[in-house]
Amino acid sequence: MKQFTANELRKAWKDFYIKRGHVDCGAVSLVSDGSTGVMFNVAGMQPLMPYLLGKKHPMGTRLCNVQGCVRTNDIDSVGDKSHGTFFEMMGSWSLGDYFKKERCQWSYELLTELFGFDRDHLAATVFAGDENAPRDEEGAKYRIESGFKPENIFYLPAEDNWWGLEYGPCGPDSEMFYVKDVPDCGPDCGPGCHCGKYTEIGNDVFMQYEKHHDGSLTPLSQKNVDTGWGLERILAFLNGVDDVYKIDLHAPVIAYIAKESGIAYEADEKSTRSMRILADHTRTAVMLIGDEARLLPSNTGAGYILRRLIRRAVRHARALGLKKEQILGVATIYLDEYSESYPNLVKYREFVLRELGREIDRFESTLENGMKEFKKILDKTSGEGKKEIDGKDAFFLYDTFGFPVELTVELAEEEGFTVDEAGFAKAMEEQKQKARDNQNFSANLTTGAGVFDSLDESVASEFVGYTQITADGKVVAMADEELTDELTAGSKGSIITDVTPFYGTMGGQVGDIGVIEGANGAKFTVTDTIHVAGGRTAHVGEVTEGTFKTGDAVKLCVDAENRAKTCRNHSATHLLQKALQEVLGDHVEQAGSYQDPDKTRFDFSHHQAMTAEEIKKVEDLVNEKIAAALPVVTEEMTMEEAKKTGAMALFGEKYGERVRVVKMGDFSIELCGGTHVSNTSHVGIFKIVSESGVAAGVRRIEALTGSNARNYYRDVENRLDEAAKALKTTPADITEHIKKLQEELKALKSENESLKSKEAKAALGDVNDQVKEVKGVKLLATSLKGVDMNGLRDLGDQMKTKLGEGVVVLISELDGKVNLVTMATDGAMAKGAHAGNLVKAIAPKVGGGGGGRPNMAQAGGKNPAGIADAIAEAEKVLGEQIG
């Protein structure tokens, strides 16, 4: 066998297939687009699902790549020698091209020529057949013809030799094994017995069927081959180790953890497991945050899985005596290790470390208190004679201390307890208090069970609104609460026409409004435009005059001013995104947007609030590009052509084979299906009115353009004029006038404080005859009226100085409430006096509470009648403190 490094193996794999007519199709994001029902890409073939089902791939019918994958379904197994949550699949595919004969031949060549295996040590399994599909005799035949020994071909059932996700392409597979030179475990020894003699090294899936949601199988329109080899598993095998954490991808990290913790790797089972979990989870976090999706920790979806991984890594780091600095050290090693194969990690290196560090900080700030609370819950549960932690307690740990329920389950299992996970889910649901029945009419039309779902596929809408805002069309469908052939005056409903210039709400841009005119003066006022089933456009609104019937010829007129305002805001959003990247950095990515006639709202990835200077730079840059009168050019092209232009695409957005690319000079290039101005000068002016945070790592800007921005400035000017009038000055002199007023106010406050201090002194009177001695410590405990807390503190400092050494207790009634201050000098504290404990003891007498430091404390109360008792209590408590 030949030995490889990870980088050598990736290259060798792709070179092998490129020589055989394949094209490297590249890797896609680790985060799934949701089309296959999972949050992450869990297999190399997953992104190719549409092409395996028959769609033509733009790069051809023979493909190969190395695809990163994330699986967390067996997270509890991570910590052993082989499992991980992130792994790489080396894949090759035939999309309706070659099939079993060529695949079996190339797999044998791969094993023997590239990797150096000998024939005597190779075995293969094929599908044994069942009631759903026949025995794979063809697969066995081609394995033998390629070079496998007949006696080393084994037939296994579907549980071993059938491959497929929950639904989609599937079929019989054929696995390849290395056979060790050890005796058989028995008469039935083979790859299916799992005795250790046979080690799986690769897999070929012959995709002949499609599995549907109901579980049924139908033949695919084309026969495909999916070959997948786990990079880490084969790398470990080729290099003669049985522990993936000893291959070159992990070895430097394990060495670093061992050095920083002072614990040797494999010194004991518990610490070794923690080392592996820390390494694996940190690596997965690095890959997800540095992915093109720029995933961030959150409490939902994929972000929740990321948060769970990071927090689990933190817990196991602490078990090894390691903290944030060392976890980031692990992350840095992985960033270096994967930089050649994953260039995004180089581009977003600082972003990855910053966001990972922020999540560690968030959890570490509550982890210690959370662990204390967990132990209390454990003691309580044990004391009640139970072995299951209540779901509400688990939710309390999640809600208050950020403990994912899986972490609580893991901690509980370590102590021999279980968790009521159903109770946790119930508590979570109760807190969310979802409002499920508040959908409006437009929203109901867009649901999966919308009223237009039953229309024939031939009923369609052609959008012509990129080039015109009026059009002649024909009514092809209508609905109120259900499909109807007629809408009369006063009826609210929706109309679909065969042609429409109305833009339907999509991509953050709201739908157009306007009018549909029919025969004999009929008029339908469009208040919203939305997309419904079958790619159709529905005009939502009300018949204000006449009657509309299916088949009527109509004229559709978009509200020109409304459309123009929306276009200004949408085009400004493109300029804004590019300006944010210029000012803040390349990590800025769109996280959401909204454009209507009144404003634009843009959510973007950024780790902290923008400074006033950054906001100004962004605003100035956008206005500079508006003033530059850049032409706004829209071109339609293939996705591959669009990528070559450098056009920005929105992660998670599904694009067709042909896309629209919107260019604003050489400044901004984006994929976009919305409507825009024809020149940036038409935006007029751009003004940012707010910048705020909406989620962890996500900021939001709201801005105005055109007449809306001018109205904003006019409103500011009007308010400035009103302020100037109130101040009896001019707008130009307002700042200086306010400074003068502030100086006058400061002087008056100082004078007022001085007067209050004199009044407080006068109210206190001569204190010499009020000083008592308690066990050798002087005590001044007295009451006065009308002095606030600040006055009491000033007076207390003066009395303390006058006493020299001792304790001061001052209590004042002010507006029916009580203020209380206690102070102790160094000499008094040396004898046992404690101002904080003193105030805590006497405050209840005045119906209050408080506390503080040994030398000074304060409290408030609401029972002035108890002041005399509090003063008497002070002498008693001080005596107890002095002893």
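Is alanine 629 buried, partly exposed or exposed? Alanine 629 is partly exposed, and its relative accessible area is 33%. I will come back to that residue after the overall picture. One caution before that: what we are looking at is a predicted model.

Let me start with the whole chain. It contains 25 helices and 35 strands. The radius of gyration is 37 Å, well over the 29 Å that the globule rule gives for 883 residues, so the chain is more spread out than a compact globule. Along the principal axes, the C-alpha atoms fill a box of roughly 115 × 90 × 50 Å.

Of the 883 residues, 49% count as buried. The chain exposes about 40800 Å², and carbon and sulfur atoms supply 48% of that area. If we take contacts with a separation of 6 or more, residues 24 or more positions apart account for 68% of them.

Now the interior. In soluble globular proteins, nonpolar side chains tend to be buried together. Here, the largest nonpolar core has 116 residues. Which residues have the most contacts inside it? They are Phe115, Phe117, Ile201, Trp229 and Ile257. Helix α12, residues 349-383, gives the most to this core, with 10 residues.

Take phenylalanine 117 from that list. Leaving aside residues up to four places away in sequence, phenylalanine 117 touches Met1, Leu111, Thr112, Leu122, Tyr178, Ile201, Ile234, Phe237 and Leu238. One of these partners, Ile201, is also among the core residues with the most contacts.

On to strand β4, which spans residues 122-127. The strand is mostly covered, with six of its six residues buried. Which strands does β4 pair with, and in what sense? With β7, residues 168-179, the pairing is antiparallel over three bridges. In that pair, alanine 124 stands opposite methionine 176 of β7. With β5, residues 153-156, the pairing is parallel and runs over four bridges. There, phenylalanine 127 stands opposite leucine 156 of β5. Between β4 and β5 the chain passes through helix α4, residues 137-146, and this β-α-β crossover is right-handed.

Now back to the backbone, and to alanine 629. Most residues other than glycine have a negative phi. Alanine 629 has a positive phi of about 50°, although it is not a glycine. Where does alanine 629 lie? It is in the loop between α18, residues 612-627, and β25, residues 632-638.

A second residue of this kind is aspartate 815. Its phi is near 55°, again a positive value in a residue other than glycine. Aspartate 815 is placed in the loop between β32, residues 807-814, and β33, residues 817-824. Is aspartate 815 buried or exposed? Aspartate 815 is exposed, at a relative accessible area of 74%, because the cut-off for exposed is over 50%. Alanine 629, at 33%, falls between the cut-offs of 20% and 50%, so it counts as partly exposed.

Why does asparagine 562 count as buried? Its relative accessibility is 13%, and buried means under 20%, so asparagine 562 qualifies. Not counting residues up to four places away in sequence, asparagine 562 touches Ile513 and Pro597.

That is the end of the tour.

Definitions and conventions:
Residues are numbered from 1 along each chain as its sequence is written. This is a predicted model: local features need pLDDT of at least 70, side-chain atom pairs count only at pLDDT 80 or more; totals for chains, interfaces and linings use all residues. Side-chain values use heavy atoms; hydrogens and water are left out. Helices (H or I, at least four residues) and strands (E, at least two) are DSSP runs, numbered from the N terminus. Buried means under 20% relative accessible area, exposed over 50%, partly exposed in between (1.4 Å probe, protein chains only). Two strands pair if DSSP finds at least two bridges between them. A crossover is right-handed if, with the strands pointing away from the viewer, the path from the first strand over the helix to the second runs clockwise. The radius of gyration is taken over C-alpha atoms; the globule rule is 2.2 Å times the number of residues to the power 0.38. Contact means heavy atoms within 4.5 Å. Accessible areas come from the Shrake-Rupley method with a 1.4 Å probe; for residues, only the protein chains shown count as cover. A nonpolar core is a set of buried Ala, Val, Leu, Ile, Met, Phe, Trp, Tyr and Cys residues joined through side-chain atoms within 4.5 Å.
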